[in-house]
Amino acid sequence: MSDQLVTVLDWIAILCLLAGALLSVVAAVGLIRFPDLLSRMHTAAKPQVLGMLLVLVGIGLRLAPVEETNVFNVGTLLLVGLFQVVTIPVAGHIAARVGYRTGRIREDLLVRDDLAERLARKREEDSARRAE
Amino acid sequence: MNTLWTVIAALLAVASLLSMVRLLLGPSILDRALSVDVLLASALVGLGAYAALHRDPTVLPTLMVLSLVGFVATISIAKFVARRPEEHVATPTDVVHPVPGAPSADEEGGRP
């Protein structure tokens, strides 16, 4: 690879890393400032998915001039990205579900609560069935 | 370019400190788990920045392990919270949604 190309790739990589670090700060500020669990989860997922993917792209671009281990590097980076994208939504869903069911969210901040309506309707149906 | 690496390190330090503040303050255990997640994301970004700075691919497996460990940690904390109804703080939500763990008819597909 020519030196110029390496320099350009390095600059792109460092910008990606900078964006990832900025997203981490944004998530931390959101953790401090937002009022309840669900809105905090909203910001906390940003560095975990988008920030991580940006950082992985940055690492890949920085490691591209290192010729001998390129295949393994790219494979590992792809695997990390895949794991993050698959596991973060699952973990967020489970944490939010437990928070809702154990009453750890603030009802007054919800604009609309479809799940409460559904649960209420289901309970009515159940009690009607039990009464029969 | 050196300045930018320093800026990245400083940003990550600020992010870790702020999420540690939430770790100390966090009203419920789920908030704390969430701030640990953000802390772990900062650690992952930091390890990635190290790998990129030194062009050193040896820490990449660590990134993979850490991302999976964070997932397992969040899931196990959530399960732990769901199994402990006795420490539960009563809120208006309870009238609509009963505590999971207590036997009830409206569990949609069992426990989370």
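A residue is called buried if 20 or more other C-beta atoms, placed from the backbone, lie within 10 Å of its own, exposed if 12 or fewer do, and partly exposed in between. The model is predicted, so that local features need pLDDT of at least 70 and side-chain atom pairs count only at pLDDT 80 or more, while totals for chains, interfaces and linings use all residues. Residues are numbered from 1 along each chain as its sequence is written, and chains are lettered from A in the order in which they are written.

**Exercise 1.** Find which residues of α1(B) are buried, and state what covers them.

**Exercise 2.** Determine how α1(A) and α1(B) are oriented to each other.

*Solution.* First take the axes, lines fitted to C-alpha atoms over the stretch in contact, with angles running from 0 to 180 degrees between N-to-C directions; these axes come within 8 Å and cross at roughly 20°. Angles under 35 degrees count as roughly parallel, and α1(A) and α1(B) are therefore roughly parallel to each other.

**Exercise 3.** Name some residues through which α1(A) and α1(B) meet.

*Solution.* Contact requires C-beta atoms, placed from the backbone, within 7 Å. Among the residues that meet are A:Leu18 and A:Val25 in α1(A), and B:Leu11 and B:Arg22 in α1(B). Overall, the contact of α1(A) with α1(B) divides into 19 nonpolar residues (Ala, Val, Leu, Ile, Met, Phe, Trp, Tyr, Cys and Pro), two polar and one charged (Asp, Glu, Lys and Arg), polar being the others, Gly among them.

Technical notes: Helices (H or I, at least four residues) and strands (E, at least two) are DSSP runs, numbered from the N terminus. Two residues are in contact if their C-beta atoms, placed from the backbone, lie within 7 Å. Angles under 35 degrees count as roughly parallel, over 145 as roughly antiparallel, 65 to 115 as roughly perpendicular and the rest as oblique.
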